Amino acid sequence: MMKFIQLEMKQLIRSKWLQIVTLLFVVTFSSVLIIQQIAMPGAEGFTRQTAAMLNVLLFLLPLFLLTIGSMSLAADRESGWLNLLKTYPMSDGKYISTKWIGLLNVFLLITALAIAIAYTIGSFFGGIAMDIPFVIFVFILLLIFTSISMLVGVLAKNRLHALALALGVWSIISLILSYVLMAVGTMIPEHMLKFFISLSIHINPLEWLRFSYFVFTDQSAVLGPAFYEMVKFYDSPIGIAYYSLFSALWVSGPLLLATYVLKRR
């Protein structure tokens, strides 16, 4: 299995799509951090720099993961590589796991490269601060959206279809659901709006990650007093256990569903 993971990583790294994505992400991420550092040097706590890092990651990483990951799976089917792999003693579950681990490792390298370059350049402007919870947050984001990209890739018929599906999923979770929620909020009472916002946080992985980052970095004041009870729950030991279980479902659920769909096909 390790040989297949290494082969998958080599194929991804050689991809021109991934090379372009790496360059774009490194330049964007580094530029945002450095600009914010120049504008607010020496700032502590939740600053514009932290918000900028959070927004860049939540906007770009899911887009890149969904497109590259789904197109990688679709390319295997389109090129006949998947049919060749089926002649080896490899189950559908191992195939999905191999693709998932390979994509995850590659994007971990890309993210580490972007952070390293940002730190190197930022050292000339007084340094860049980045806390441990933020690193953990990035890792969970990569885990979740790498899994979702596997499901999107299995559902796609070819690379073009995979690209369309990936962009559609990304648009829904990053833009459309928020606009729908804002539109619904103008027509329903405040107590029902609070329920729909809570529901949106749990069914939208982007909002789930954003909410968890605010809670576990003690920045829950950003959410407002309406979410006091919800924040208090997730600050408790039971809430942390529930958060861990729910996040694990966001990672394992798409992988299991992708394996099931692949077996059915």
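1. The second largest pocket has a volume of about 280 Å³. A pocket here is an open set of points on a 1 Å grid over the protein atoms alone, with protein on both sides within 12 Å along at least five of seven lines, and lining residues have an atom within 4 Å of a point. Grid points are joined across faces, edges and corners, and a volume is the space filled by probe spheres set on the points. The elements that give two or more residues to this lining are α7 (159–185), α8 (190–203) and α9 (205–216), and α9 has the largest share, with 4 residues. Helices are DSSP runs (H or I, at least four residues) numbered from the N terminus.

2. The model is predicted: local features need pLDDT of at least 70, and side-chain atom pairs count only at pLDDT 80 or more, whereas totals for chains, interfaces and linings use all residues. Residues are numbered from 1 along each chain as its sequence is written, and side-chain values use heavy atoms, with hydrogens and water left out.

3. Among the residues lining the second largest pocket are Leu181, Met182, Ile197, Arg210, Phe211, Phe214 and Phe227. Its lining divides into 8 nonpolar, 2 polar and 2 charged residues. Nonpolar covers Ala, Val, Leu, Ile, Met, Phe, Trp, Tyr, Cys and Pro; charged covers Asp, Glu, Lys and Arg; the others, Gly among them, are polar.

4. The largest pocket has a volume of about 370 Å³. It is lined by 16 residues, of which Ser15, Met71, Ser72, Ala75 and Arg159 are the closest to its centre. Helices α1, α2 (16–39) and α3 each supply at least two lining residues, and the largest share, 6 residues, comes from α3. The lining of the largest pocket comprises 7 nonpolar, 4 polar and 5 charged residues.

5. The structure also holds 2 cavities of 30 Å³ or more; a cavity is a set of grid points where a 1.4 Å probe fits but cannot get out. Phe4, Trp81 and Tyr95 are among the lining residues, which divide into 6 nonpolar, 2 polar and 3 charged.

6. The second largest cavity holds about 40 Å³ of space. Its lining includes Leu82, Lys86, Ser91 and Asp92, and α4 and α5 are the elements that give two or more residues to it.

7. Leu65 lies in helix α3 (residues 48–79) and counts as buried because its relative accessibility is 0%; buried means under 20% relative accessible area (1.4 Å probe, protein chains only). Not counting residues up to four places away in sequence, Leu65 touches residues including Phe107, Leu141, Phe145 and Ser149, where contact means heavy atoms within 4.5 Å. The C-alpha atoms of Leu65 and Gly153 are 11 Å apart, although 88 residues separate them along the chain.

8. Helix α6 (residues 132–155) is largely enclosed by the rest of the structure, because 18 of its 24 residues are buried. The largest nonpolar core has 73 residues, and those with the most contacts inside it are Phe25, Phe29, Ile96, Phe107 and Phe145. Helix α6 gives the most to this core, with 14 residues. Such a core is a set of buried Ala, Val, Leu, Ile, Met, Phe, Trp, Tyr and Cys residues joined through side-chain atoms within 4.5 Å.

Key:
Buried < 20%, exposed > 50% of the residue type's maximum accessible area, 1.4 Å probe, protein only.
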